[in-house]
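Please keep the viewer open as you read.

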Amino acid sequence: MLEANAHNHLKNLHQKNLSLWPHSLTLTRLIARSLRRRDKTLIKLASDSQNDWWPALLIPLCLHNDNIVLILSERQYRLLLEVELPKLKSSRLDCDYVEGIEVTPSDEKVWVLRYQDLIFAHEKDLLKNRQLIFPEAE
């Protein structure tokens with residue numbers, strides 16, 4: 001059900017904004033399926049996509065938000081907080097998230113960490129059974 005729900009949210013977003021990445025619907029279904037099944041999934045995004053893949057990643061995370069940690073580079077972290085999350089909010093999809101290492105969130109929130117925070121969280125055994133998402137795993 002998560003795949004269909006995420007697909008529909010993204011489809012509605014596509015109707016409002018035709019400049020989204022052409023593979024967004026496929027990517028959002030792959031992400032949603034991986035989250036639902038708690039799979040270990042590696043998806044290589046083309047470098048020419050110019051970050052148009054963000055909605056396809058974030059929509060399933062916001063809908064599922066169950067024990068998820070989103071690990072980002074400093075640039076991605078700023079882009080997420082300043083651009084991508086406000087865009088989602090304006091499309092009536094509010095993502096329930098906690099940023100940084102200061103507060104360990106409940107299981108119902110997406111935990112957004114930078115790379116250096118991930119190391120600290122691992123050392124302090126804060127990750128436990130959380131599913132890790134690395135948009136730039138390479």
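## About the model

This is a predicted model, in which local features need pLDDT of at least 70 and side-chain atom pairs count only at pLDDT 80 or more, while totals for chains, interfaces and linings use all residues. Residues are numbered from 1 along each chain as its sequence is written, and side-chain values use heavy atoms, with hydrogens and water left out.

## The nonpolar cores

Let's begin inside. A nonpolar core here is a set of buried Ala, Val, Leu, Ile, Met, Phe, Trp, Tyr and Cys residues joined through side-chain atoms within 4.5 Å. Buried means under 20% relative accessible area, exposed over 50%, and partly exposed in between, with a 1.4 Å probe and protein chains only. The largest nonpolar core has 32 residues, and Trp-54, Leu-57, Leu-61, Leu-70 and Leu-80 touch the most other members. At least two residues of this core come from each of α1 (2-16), α2 (24-37), α3 (54-64), β1 (68-72), α4 (74-90) and β3 (110-114). With seven residues, α3 gives the most to this core. The element names follow DSSP runs numbered from the N terminus: helices are H or I with at least four residues, and strands are E with at least two.

A second, separate core has nine residues, including Ile-71, Trp-111, Leu-113 and Leu-127. As background, nonpolar side chains in soluble globular proteins tend to be buried together.

## Helix α3

How many of the 11 residues of α3 are buried? Nine are, which leaves the helix mostly covered. The buried residues run through Trp-54, Pro-55, Ala-56, Leu-57, Leu-58, Ile-59, Pro-60, Leu-61 and Cys-62. Their cover includes α1, α2, β1, α4, β3 and β4 (131-133). Just after α3, Asn-65 takes a positive phi of about 25 degrees.

## Helix α4 and its bend

Helix α4 has 17 residues and reaches 24 Å from its first C-alpha to its last, close to the 24 Å expected at 1.5 Å a residue; the expected span is 1.5 Å times one less than the number of residues. At Leu-80, α4 bends by about 45 degrees, the bend being the angle between axes fitted to the seven residues ending there and the seven starting there. Leu-80 also touches Trp-54, Leu-58, Leu-70, Leu-72, Leu-85, Pro-86 and Val-112, not counting residues up to four places away in sequence. Contact means heavy atoms within 4.5 Å.

The buried residues of α4 are Gln-76, Tyr-77, Leu-79, Leu-80, Glu-84, Leu-85 and Leu-88. Among the elements that cover them are α3, β1, β2 (97-99), β3 and α5 (115-123).

Glu-84 is found in helix α4 and is buried, with a relative accessible area of 5%. Leaving out residues up to four places away in sequence, Glu-84 touches Asn-51, Trp-54, Pro-55, Leu-58 and Leu-79. The C-alpha atoms of Glu-84 and Asn-51 are separated by 9.8 Å, though these residues are 33 residues apart along the chain.

Gln-76 also lies in helix α4 and counts as buried at 1% relative accessibility. Setting aside neighbours within four places in sequence, Gln-76 is in contact with Trp-53, Trp-54, Ile-71, Tyr-115, Pro-135 and Glu-136. Gln-76 and Arg-114 are 38 residues apart in sequence and 8.8 Å apart in space, C-alpha to C-alpha.

## Aromatic groups

The structure holds one aromatic pair. Rings of Phe, Tyr and Trp (its six-membered ring) pair if their centres lie within 6.5 Å; planes under 30 degrees apart count as stacked, over 60 as edge-to-face and the rest as tilted. The rings of Trp-53 and Trp-54 have centres 4.7 Å apart and planes at 20 degrees, so this pair is stacked. Both Trp-53 and Trp-54 are buried.

Arg-114 lies over the face of Tyr-77, at 3.9 Å from the ring centre. A charge sits over a ring if NZ of Lys or CZ of Arg is within 6 Å of the ring centre and within 35 degrees of the ring normal.

## Positive phi angles

Arg-38 has phi near 60 degrees, a positive value in a residue other than glycine. Arg-38 is found in the loop between α2 and α3 and is partly exposed, with a relative accessible area of 39%.

Asp-125, in the loop between α5 and β4, has a positive phi near 55 degrees. Arg-92, which follows α4, has a positive phi near 70 degrees.
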